[in-house]
Each structure stands twice: as structure tokens, then as C-alpha cells.
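Here are my notes on the model you asked me to look over. Please keep the structure open beside the text as you read.

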Amino acid sequence: MTRLVLVLGDQLSPDVAALKAADKATDVVVMAEVGDEATYVKHHPKKIALILSAMRKFAARLEDDGWDVRYTRLDDPEASESIGGELLRRAEETGADSAIITEPGEWRLISALRHLPLKTEMLEDDRFVASHAEFEKWAEGRKALRMEYFYREMRRKTGLLMDGDDPAEGKWNFDHDNRKPAPDDVTHDPIWFEPDDTVEEVLALVESRFGNHFGDLRPFGFATDAAQAEQALDHFMDKALPKFGDYQDAMLSDHRFLYHSILSPYINIGLLDPVEVCRRAEAEYRAGRAPINAVEGFIRQIIGWRDYVRGIYFLEGPDYTSRNVLGHDRDLPGFYWGKPTKMNCVSNAVEQTGTDAYAHHIQRLMVTGNFGLLAGVDPHALHEWYLEVYADAFEWVEAPNVIGMSQFADGGVIASKPYVSSGAYINRMSDYCKGCSYSVSTKTGDKACPFNLLYWHFLMRHRERFGNNPRMAQMYRTWDRMDEERREAVLRDADRWLKKLDAGEVV
Ligand code: FAD
Ligand code: DLZ
Ligand code: SF4
């Protein structure tokens, strides 16, 4: 009996679990471009174009390799609009009575596929260092699931940056060296690729179907196959890795990519293998071409943070995205969709997000995320925004970063304290404040940086929850030492500013 093998748009690797388990001689591969996946949230046009282009090229590669591939194009008149619908249609067409599936990275799709009237076998996605069982075992009985300890296990498991039983250069974590403010000049630009015929065809399709989604489709320069992604990896190793650590937290208006890798979209959809990427970085260190702080920092992001958030997503379950322990319920302000704001940092991060479907970690965490948390924006609305606007966003990685790390809406599963800061942090790490209508050094009044006002407003709103957190004691002590008049002015001006925000004024 024929069996189907489902390959999703973020599973584009020849050794993804379902393909490894399949038989080329008898099984039929199903790949489908479907409207539902592009619109369950209205994904950025660049993200849709990346995935559809990479799917088409990967399907051609599988066919060249001898697989029978049934590929549905978005404009195919026979096509249904969902992945499940396409699996059933192909089952009828081929007479197949079962399907093997690599576990999708979103509960929504796992559930839809589990409820199909078709026998399905769901295999764990093994493109991660830790399996579900290993993560659960690590998490069992721990009071707090801190990434750092998980990361050390992953270092031991992979042998990355290990000298025998010890971490290279005697320390697990060199983050302390990785907080340099923005440099004066930046010598790295990421590598982009001219659209070929396949990509051009997809761009035209995306333009006509999803032209109304937030963000610019063109210029489009993402890598769309494994060979191009390898080129992007080589480019990063050669041009950026040595300085990756130093300027990891910096933000510059004219050099928006700094020394970041821009590899997350490729790793997440299967064009690059995460551990191989780390081995390449380690080789640069061992050859003396990149320092330990850069390479350790980079590897920690991948086998540490990336693997850890995936573990948390599956451990915490489908209700994770609706958590909201701080009870935040403010509507997502219009400036997240490009409406004007006087806050130069927010305006820069959102503008870049619209043009590139990318912003780096500190922009996501300390600008758009920080603002959302300080202003008490509904974390679910923020979660949907992040899922929609970034080319690398899939719920398994996006939700823990937004709901957990950035918004503290999970009550501290991921973060031991909320990531909040006043304007001073943004000023130290960026050049945004120089071009802002607000004054970062002003603490009250109309010119005061809203991050300064809202920072205290947030701390006071949640004093009961955070007042006894030892890692926040210093912040509360500073507040308590301020004179009464100043404290009243700060809270009054913050309320006034939030009223203007809610009234839709340009703030
Ligand atoms: P680099 O700075 O070059 O880092 C190297 C690699 O490390 C990345 O390619 C990525 O694979 C990995 N990495 C780094 N930080 C994280 C992290 N916190 N979690 C998981 N992987 C990490 N990352 C996504 O891949 N998809 C998302 O949807 C996503 N949403 C985020 C939302 C918020 C609020 C925050 C704070 C972070 C989010 N991240 C997400 C993590 C991080 O911001 C991106 O992985 C990173 O910016 C991607 O750019 P890069 O490839 O240039 O990364
Ligand atoms: C994101 C996305 C988009 C836009 N389109 C498709 C598609 O047409 N077909 C497909 O198989 N996958 C697509 N994807 C990726 C899926 O949304 C992703 O596999 C799930 O969200 C699980 O991570
Ligand atoms: Fe952002 Fe405040 Fe700086 Fe303006 S002054 S850029 S609002 S941190």
C-alpha cells in the first residue's frame, strides 16, 4: 500500500525525520503551498516568499534524487487551502492509506494533523540537540529551568568547545565580554542573493495574493536553497564572527545588521543544520581566527537558547501562548504596524522589520519587547505580531521568546526577572536617542523619554509581584530614595502619556 511522506515548508532538509524513515521506491512525498499557512496570521510577504521559493527548490532536488513528489502550488486550481486538506487529496489520488509526518513546530498544526481521517505516524523532529525525552529528564524536579545549566549539558553532549571534561579556556560563558556599545564603523554587510527565475515567479505570486500584508516584498535577497545558505554561512564566518560577541547587544540606525549572522531563517527552515553551524564556528576558534567570547556567545545562542526554547515550548504545552500572569491588556499600538511614533528607537526597529522581516535580538527584546511590557500591551497580541513579522518566526521558537523571555507572561518559566529598562540602556547601546524627539536624560514632563516614565510605572504596577525579587531590589530601593514630589510627577506623566497613546495621538 502506498504511504505518504509529508514535508512542510520549514522541514526542507534531506535528512528530516520523515524522509529518513521513508522508502524512495514506494513512498510518495507530499509538499503543498497552501493559503492557510500564509494567513492564519498574516505573515510578512518576505517570509512567505522565502518559504515558497525554498519549498519549490527543495521539491526539485528531491525529484532529481529519485523521489516521487506530489507538489501543490498555491495557484493550482485543484488545491485545497490547508495542509490536512492536501494530504487527504493526495491520499485519494494515490490510494495511500497512511502518512508519515515529522512533528510540526506549532501545536495548531500538530493538532490538525492528528485529527485527520487518515492513519498518521508523527516522528519527532530530530534537528535539535536534545530530544523531548532528554529535555523532560533535564527539567524534571528542577525548581527553575535556567538556560545556562541546560546549555552546559548540550556542550557536554555535543563536545562543542570542550577540552576533555572542561569548557574551553576554563569558563562556560563569556557573556561578560559581550556588552560593548555600538562601534563607530561596521565592516560587515550580510550577503544577499539576486532572485532567480524560481524566486521571481514566487515573488509575483506573493505580490498578487499577499500584497496587503505588513512589510515590503522587494528587494528580496534571502538564500532559498542549501547551497546559497552555505554561502551565507561562509560569509558570516569570514566577515562577522570575530566581532559577533563584542557588539552583540549594540544597535545602529545605519548599520542595522552589525555583526549578526542572519542565519536564523535558514536554520529554522532546514537549509542549515544547527550543530554543523556551531562546528564551523568552533573551527574558526580552534584555527585562531575568532576569539572565544565571539564563538562561545554564538554557539550558546544556538545549542543553548535555541534548543532550550524549543524544549520549553513542548514542555509547557498548547496553552503557553495564552498565558498572561501580569494581566496586561492594552491594545497593540498602531506604530507596531508602521504608524508614526516620535520614539526613534521604536520607529527604527519597526521600519527595519517592515523592510527586512528581520531585527536582531536586542531590538526585539529591549525596544519593541521592552516597550510592550512597560506599557502593559496584551502579550498575545505581541505574540501574534512577532509571529507575523519575522522571517524566522515559527511558534516553537517565537512564543517562548515573546511570552516568556520578553513579556514575563509565563510568570518566570524562562526569565528570572522581567527584561525591562529605561531609556538609559537604549541610549548606551545605540545611536537612536540622538535623533529622537524625546530626551533620554529627561525624567519627567513632555520631553521625557517614555521608556523613563513607563519603567517606573511598570515597577509600581507590579510591586507586589516583584518587590521581593532579590534581582530587582536595587531598582525598588532607587525608587524609594526619590523624593515624593518627583515620584508623583513620574507616575502622573506616565499616566498622561499612556492616555495619549490610547487616544491614538502620535506619541
Ligand atoms: P544571531 O544574533 O546571529 O544569533 C545566532 C543564532 O542564534 C540565530 O541565528 C538563532 O538561530 C540563534 N538564537 C539567538 N538567540 C536566540 C533565541 N533567543 N532563541 C532562539 N534562537 C536564538 N528567533 C527565531 O529564530 N525566531 C523567532 O521568531 C524569534 N523571535 C524572537 C522574539 C523576541 C521577542 C526575542 C527577544 C527573540 C526572538 N528570537 C527569535 C531570537 C533572536 O532574536 C533571533 O534568533 C535572532 O535575532 C536571529 O538573527 P540572527 O540569525 O542574525 O542571530
Ligand atoms: C510559514 C509557512 C507558509 C507561509 N507557507 C507554508 C506552505 O504553504 N506550506 C507549508 O508546508 N508550510 C508553510 N509554512 C510553514 C508552516 O507554517 C510550518 O511548517 C508550521 O507553522 C509548523 O512549524
Ligand atoms: Fe527611544 Fe527614549 Fe531614546 Fe527616544 S529617547 S530613542 S524613545 S530610548
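This is a predicted model: local features need pLDDT of at least 70, side-chain atom pairs count only at pLDDT 80 or more; totals for chains, interfaces and linings use all residues.

1. Residues are numbered from 1 along each chain as its sequence is written, chains are lettered from A and ligands numbered from 1 in the order in which they are written, and side-chain values use heavy atoms, with hydrogens and water left out.

2. Ligand 1 has 28 residues around it, of which H260, S261, I262, N268 and Y358 come nearest; a residue is near a molecule if one of its heavy atoms lies within 4 Å of it. By class, this shell holds 15 nonpolar, nine polar and four charged residues, where Ala, Val, Leu, Ile, Met, Phe, Trp, Tyr, Cys and Pro count as nonpolar, Asp, Glu, Lys and Arg as charged, and the others, Gly among them, as polar. Helix 17 (395-406) is one of the helices that supply at least two residues of the shell, and helix 17 gives the most, with six; helices here are DSSP runs (H or I, at least four residues), as are strands (E, at least two), numbered from the N terminus.

3. Which side chains have an N or O atom close to an oxygen or nitrogen atom of ligand 1? The side chain of Y358 has an N or O atom 2.6 Å from an oxygen atom of ligand 1, that of R364 has one 3.4 Å from a nitrogen atom of the ligand, and a polar side-chain atom of N401 lies 2.9 Å from a nitrogen atom. Taken alone, ligand 1 exposes 810 Å², and the protein buries 99% of that; the areas come from the Shrake-Rupley method with a 1.4 Å probe.

4. The shell around ligand 3 has ten nonpolar, two polar and no charged residues. Among the residues that surround ligand 3 are C345, C433, C436 and C449.

5. Helix 12 (residues 274-286) has 13 residues and reaches 19 Å from its first C-alpha to its last, close to the 18 Å expected, the expected span being 1.5 Å times one less than the number of residues. P274, V275, V277, C278, A281, E282, E284 and Y285 are buried in helix 12, where buried means under 20% relative accessible area (1.4 Å probe, protein chains only). The partners of these buried residues include helix 9 (226-239), helix 11 and helix 13. At the start of helix 12, a side-chain oxygen of D273 comes within 3.2 Å of the backbone nitrogen of V275, and just after the helix G288 takes a positive phi of about 80°.

6. A polar atom of the H188 side chain lies 2.6 Å from the backbone oxygen of L258. Beyond its neighbours within four places in sequence, H188 is in contact (heavy atoms within 4.5 Å) with residues including H235, Y259 and H260.

7. H462 lies in the loop between helix 19 (450-461) and helix 20 (463-466), and is buried at 9% relative accessible area. P104, in the loop between strand 4 (98-102) and helix 5 (107-114), is buried at 2%, and its contacts include L8, M122 and F314.

How values were computed:
A polar contact is a pair of N or O atoms within 3.5 Å; within protein, one must be able to donate a hydrogen and the other to accept it, and residues adjacent in sequence count only if both atoms are side-chain atoms. Buried means under 20% relative accessible area, exposed over 50%, partly exposed in between (1.4 Å probe, protein chains only).
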